[in-house]
Amino acid sequence: MSRVLSGIQPTGGIHLGNYVGAIRQYVADQYVHDAFYCVVDLHALTVPRDPADLRAKTMETAQVLLAAGLDPDVCTLFVQSHVHEHTELAWLLECTASVGELRRMTQFKDKAARGGEESAGVGLFTYPVLMAADILIYDADRVPVGDDQRQHLEFTRDLAARFNSRYGPVFKVPAAAIPKVGARIMDLQTPTAKMSKSALSPQGTALVLEPPEVLTRKIKRAVTDTGTEVRYDPVTKPGVSNLLELLAVATGRGPEEVATGYTQYGPLKADTAAAVIELLRPVQERYRELAGDPGGTAALLEKGAAKARAVASVTLARAKEAAGLLAPR
Ligand code: TRP
């Protein structure tokens with residue numbers, strides 16, 4: 001069975017775009033792959049975070065993943081900082097990476113451009129190395145990531161190949177698994193941009209845990225397009241097409257197909273809101289149960305970390321040995 005691994009940051013709330021684009025795929029993948037999913041709390045520290053909020057969001061993210069259907073008896077779900085081997089391998093990989101290639105990472109360039117490279121955090125700079133460690137330490141075959149992570153994955157492949165050519169065949173070189181077009185959920189206020197945790201307005205982002213009234217309000221206030229025609233055409237009608245995409249995803253049909261029968265935006269919005277609420281209802285219910293028992297989730301995460309460590313420690317030992325570190329006796 002091939003192994004997949006992905007990481008999800010415990011930042012903001014998990015939104016509909018994450019759920020539809022990534023998490024539902026994680027759930028399906030766990031039954032056909034040896035699947036590892038990691039809540040990457042160390043990556044979240046690359047920007048200053050309120051400690052209590054980070055801790056709460058880490059628990060919340062794990063519980064949303066469980067509520068969405070990740071089964072801890074089927075996959076390996078854990079918190080990154082519970083498996084210290086990741087950061088240790090990251091050091092070996094840092095000694096393999098160059099300043100130039102890290103500086104070329106567009107995510108670093110974008111983030112550093114905002115506050116100036118001089119004051120950008122070192123963690124932001126070395127972020128892709130830790131991500132490479134997350135992946136390589138599990139001998140992952142495939143890494144399901146969004147398009148924005150493609151460059152980091154290419155970098156991971158380069159690092160693995162370089163380490164292997166220097167020290168022998170230590171790492172498996174992983175492939176990216178960028179989801180085929182599929183559903184791409186756009187911001188409700190700016191339908192030409194992907195729904196994102198860092199959106200300008202919270203009105204544009206529908207969260208998985210939001211109460212039905214809030215979801216309804218956000219969808220009813222979604223930006224639509226000039227004219228009144230309901231037609232799936234993301235180029236000339238991005239707002240309406242996004243609603244159709246949502247309705248299609250929530251009802252398991254195609255966006256062109258769901259468009260038929262609508263002549264006005266109002267009913268489309270009402271039906272989309274109702275369908276999204278139905279889609280999320282079981283997830284929200286299950287989440288409420290889990291949230292009432294944080295100790296239960298902590299126990300599941302402890303088991304997940306133990307399973308992860310069993311793999312990670314072997315890979316790390318192999319890498320240290322290959323690099324010439326003297327084994328303790
Ligand atoms: N950088 C990824 C993101 O922001 C999160 C991440 C961290 C990740 N480690 C990973 C994704 C390992 C896949 C594999 O989305």
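**Spaces within the chain**

Modeller: The protein chain of this predicted model comprises 13 helices and five strands. Along the principal axes, its C-alpha atoms fill a box of roughly 75 × 45 × 40 Å.

The largest cavity has a volume of about 70 Å³. Its lining is formed by Pro72, Cys75, Thr76 and Leu77 from one part of the sequence, together with Leu300, Lys303, Gly304 and Lys307 from another. Two elements, strand 3 (76–79) and helix 13 (294–323), each supply at least two residues of this lining. Helix 13 gives the most, with four residues. Sorted by class, the lining of the largest cavity holds four nonpolar, two polar and two charged residues.

The second largest cavity has a volume of about 50 Å³. Around this second cavity stand Gln107, Phe108, Lys111, Leu124, Tyr127, Pro128 and His152. Helix 6 (106–115) and helix 7 (122–136) are the elements that give two or more residues to the lining of the second largest cavity. That lining divides into four nonpolar residues, two polar residues and one charged residue.

Among the open spaces, the second largest pocket deserves attention. About 220 Å³ of space lies in this pocket. It is lined by 14 residues, of which Asp41, Arg55, Thr58, Val79 and His82 are the closest to its centre. Helix 3 (51–68) and helix 13 each supply at least two residues of the pocket lining. Helix 3 gives the most to this lining, with five residues. By class, the lining of the second largest pocket has seven nonpolar, three polar and four charged residues.

Aspartate 139 is found in the loop between helix 7 and strand 4 (142–143). The phi of aspartate 139 is near 50 degrees, a positive value in a residue other than glycine. Most residues other than glycine have a negative phi.

Finally, a helix pair may be set beside these spaces. Two packed helices are described by the angle between their axes and the distance between the axes. For helix 10 (residues 238–251) and helix 12 (residues 265–291), the axes come within 9 Å and cross at roughly 40 degrees. The crossing of helix 10 past helix 12 is left-handed. On the side of helix 10, the residues that meet helix 12 are Val240, Leu243, Leu244, Leu246, Leu247, Ala250 and Thr251. Their counterparts in helix 12 are Tyr265, Leu268, Lys269, Asp271, Thr272, Ala275, Val276 and Leu279. Taken by class, this contact has eleven nonpolar, two polar and two charged residues.

How values were computed
Residues are numbered from 1 along each chain as its sequence is written. This is a predicted model: local features need pLDDT of at least 70, side-chain atom pairs count only at pLDDT 80 or more; totals for chains, interfaces and linings use all residues. Side-chain values use heavy atoms; hydrogens and water are left out. On a 1 Å grid over the protein atoms alone, a cavity is a set of points where a 1.4 Å probe fits but cannot get out, and a pocket is an open set with protein on both sides within 12 Å along at least five of seven lines; lining residues have an atom within 4 Å of a point. Grid points are joined across faces, edges and corners, and a volume is the space filled by probe spheres set on the points. Ala, Val, Leu, Ile, Met, Phe, Trp, Tyr, Cys and Pro count as nonpolar, Asp, Glu, Lys and Arg as charged, and the others, Gly among them, as polar. Axes are lines fitted to C-alpha atoms, for helices over the stretch in contact, and angles run from 0 to 180 degrees between N-to-C directions. A crossing is left-handed if the near helix is turned anticlockwise from the far one by less than a right angle, and right-handed if clockwise. Contact means heavy atoms within 4.5 Å.
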